[in-house]
Amino acid sequence: MAKMNVLNREITLYSVREEDFISLTDIARYKNADHTDDLIRNWLRNRNTIEFLGLWEQLNNPDFKPVEFDGFRKQAGLNSFTLTPKQWIMGIQAIGLVSKSGRYGGTYAHKDIAFEFASWISVEFKLYLIKEFQRLKEEERKTLGWDIKRNLVKLNYRIHTDAIKTHLIPQALNAAQTSFIYASEADVLNLALFGVTATQWRISNPEKTGNLRDYADVSQLVCLSNLENLNALFISEGLAQPIRLERLNKIAIHQMTLLTNQTLMPVTENEAEKTIKQLEQQQKKLGERG
């Protein structure tokens with residue numbers, strides 16, 4: 001379930017068959033909070049509504065029952081005609097409306113139908129509803145895009161660690177030494193792109209959880225994904241860490257400039273050698289302990 005706020009009214013959405021459905025009950029509350037069911041039934045008995053719903057079902061529902069629909073259409077507009085959401089759903093095997101019970105109970109409709117109902121309730125409310133719905137969908141697209149890039153980095157990370165395991169980790173190393181090598185190679189990428197190691201970032205950001213890659217934007221994640229693939233290639237070619245760091249840093253500067261029109265500060269040769277020496281010293285200490 002998701003929520004929208006439209007003119008200070010909370011509107012519930014949920015997904016059915018990967019389609020967005022909006023609560024007609026919540027929309028009806030804008031008009032009359034005490035008689036939402038009556039409003040929905042009055043809308044359903046309208047001849048124009050029946051025509052609209054029938055056409056929508058014909059276009060979208062392979063199990064649509066045309067004979068039963070004709071029965072509803074002939075009665076629409078008569079003073080004696082009444083129709084509830086459940087009668088409509090069961091009568092023609094409708095998929096555009098959903099009647100739910102329980103905590104999030106009420107009548108829901110496919111967004112096409114919900115917008116039509118909102119127009120019947122209030123043209124102003126319909127316009128604000130559409131605007132808020134579009135805003136919510138845009139936020140979802142942005143989040144999805146970030147997740148896809150983050151997952152891409154994770155997949156490439158597997159390629160990267162496999163290269164490390166194959167070419168850099170002797171079989172005799174213990175678990176602590178192996179973890180250090182993985183961490184040191186991860187920091188090669190961190191230095192190339194972010195200019196800091198994971199430890200340096202944690203020291204500078206004690207209030208944040210996770211790691212510095214969790215706070216990367218989409219452009220940085222795309223670049224990081226590329227760097228992981230390239231570093232795996234460089235490792236398989238037998239290039240030393242300082243050489244790989246220098247190359248990866250130059251590539252990161254070039255790619256981020258293209259992606260964002262921003263210029264990264266290059267990692268100098270002295271800084272690279274100093275950091276690599278520190279990593280090697282830590283690795284040597286671990287080796288002595290093992």
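A residue counts as buried when its relative accessible area is under 20%. Keep that cut-off handy for these exercises on a predicted model.

**Exercise 1.** Work out whether phenylalanine 21 and tyrosine 14 are buried or exposed.

*Solution.* Start with phenylalanine 21, which has a relative accessible area of 0%. The cut-off for buried is under 20%, so phenylalanine 21 is buried. Now take tyrosine 14, at 16% relative accessibility. This value also falls under 20%, so tyrosine 14 counts as buried.

**Exercise 2.** Find how many aromatic pairs the whole structure holds, and classify the pair of tyrosine 14 and phenylalanine 21.

*Solution.* A search of the whole structure gives ten aromatic pairs. In one of them, tyrosine 14 and phenylalanine 21 lie 6.4 Å apart, centre to centre, with 55° between the planes. Stacked planes are under 30 degrees apart and edge-to-face planes over 60, so an angle between those limits counts as tilted. The pair of tyrosine 14 and phenylalanine 21 is therefore tilted.

**Exercise 3.** Classify the pair of tryptophan 43 and phenylalanine 117, then locate its two partners in the chain.

*Solution.* First, the geometry: the centres are 5.0 Å apart and the planes make an angle of 70°. Over 60 degrees means edge-to-face, and that is how this pair is classed. Next, the location: tryptophan 43 belongs to helix H2 (residues 36-44) and phenylalanine 117 to helix H6 (residues 111-121).

**Exercise 4.** Identify which charged end sits over the ring of tyrosine 14.

*Solution.* Look above the ring for lysine 100: its charged end sits 5.0 Å from the ring centre of tyrosine 14.

Key: Residues are numbered from 1 along each chain as its sequence is written. This is a predicted model: local features need pLDDT of at least 70, side-chain atom pairs count only at pLDDT 80 or more; totals for chains, interfaces and linings use all residues. Side-chain values use heavy atoms; hydrogens and water are left out. Rings of Phe, Tyr and Trp (its six-membered ring) pair if their centres lie within 6.5 Å; planes under 30 degrees apart count as stacked, over 60 as edge-to-face and the rest as tilted. Buried means under 20% relative accessible area, exposed over 50%, partly exposed in between (1.4 Å probe, protein chains only). Helices (H or I, at least four residues) and strands (E, at least two) are DSSP runs, numbered from the N terminus. A charge sits over a ring if NZ of Lys or CZ of Arg is within 6 Å of the ring centre and within 35 degrees of the ring normal.
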